[in-house]
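Please examine the sequence and the model shown below before reading on.

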Amino acid sequence: MKICRFQIKDEINSGVVDGDRVVVFENNRKKDESYSLSDVTLLAPVAPSKIICIGRNYAEHAAELGNEVPTEPLLFLKAPSAVINTGESIVLPSQSNQVEHEGELAIVIGRRCRNLFDDEDARRYILGYTCLNDVTARDLQKKSGQFVPAKSFDTFCPVGPFVETQLELDQITLTTRVNGDVRQYARMWQMVFPIDFLIRYISNMMTLMPGDVISTGTPSGVGKLEKGDVCEVEIDGIGVLRNPVE
């Protein structure tokens, strides 16, 4: 099931995608009200209280930046104010000369989650999965050694277009394209730290709330974005997150 947020006239609703239509979804139930997807404006499908990102979760990406694979997950936060939806522009800030794309699979939390045990089923706390672009000012990151300032500029977190609630992760691929050229390609089983482990690990540090996002790391192939580019992050079963650059 694909879940979305959309705007029609002045109203913002949650919905379930059914073919070329979106059915209004309220209080965990479908309503007898639907619209054509072409008549609505898709919004970012989540409005998280926090975005937790995993660094260097693909060995080849760690290597391309000259880093070792961490022995424990490398966590950092990304500002929720950076979230934009598919179709909105990534804006290059004047402070940086090296803004790069990082296509990622993101987990959306569905239930309050805290202090999970090692043998608990972490996936029952997942609402679904979506595409995320962890846009990064690489020169600022290298200069200061800090992740958060380089990754939290406004528009640096495109998310969407949908949250898919059912996904066979071992069988799906992630592809990032810039102007149609493939920059990144990976299978989800290539992650250093799998999804179940990440949720349990994070839940023992901070309470995860419904709507919170865990972005699971980017594969190798990150690269510079230029004015006029169009960046796409595609994940099987979810769709294409497409954003122009200005």
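In this predicted model, four strands form an open sheet in the order β15-β14-β18-β19, and their pairing is antiparallel. The edges are taken by β15 (181-187) and β19 (239-244), each of which pairs on one side only. From one strand to the next, the twist averages 15°. Within this sheet, β14 (residues 173-178) and β15 run antiparallel and are joined by 6 bridges.

Strand β9 (residues 99-101) is joined to β17 by 2 bridges, the two running antiparallel. Here His101 has Gly223 of β17 as its bridge partner.

| Strand pair | Bridges | Direction | Bridge partners |
|---|---|---|---|
| β9 and β17 | 2 bridges | antiparallel | His101 and Gly223 |

Attention now turns to helix α4. Of the 9 residues of α4 (residues 195-203), 8 are buried, so the helix is largely enclosed by the rest of the structure. The buried residues are Ile195, Asp196, Leu198, Ile199, Arg200, Tyr201, Ile202 and Ser203. They pack against five strands by name: β6 (51-55), β7 (74-78), β10 (103-109), β11 (126-133) and β16 (213-215).

Helix α4 also takes part in the largest nonpolar core. This core has 32 residues, and those touching the most other members are Leu105, Ile107, Tyr129, Ile195, Ile199, Leu208 and Ile214. At least two core residues come from each of β6, β10, β11, α4 and β18 (230-235). The greatest contribution is that of α4, with 5 residues.

Which residues are in contact with Tyr129, leaving aside its neighbours within four places in sequence? They are Leu105, Ala106, Ile107, Arg123, Phe162, Val163, Glu164, Leu167, Leu169, Ile195 and Ile238.

Conventions: Residues numbered from 1 in each chain as written. Predicted model: local features only at pLDDT ≥ 70, side-chain atom pairs only at ≥ 80, totals over all residues. Heavy atoms only, no water. Pairing = 2+ DSSP bridges. Axes fitted to C-alpha atoms, helices over the stretch in contact; angles between N-to-C directions. Buried < 20%, exposed > 50% of the residue type's maximum accessible area, 1.4 Å probe, protein only. Contact = heavy atoms within 4.5 Å. Core = buried A, V, L, I, M, F, W, Y, C linked by side-chain atoms within 4.5 Å.
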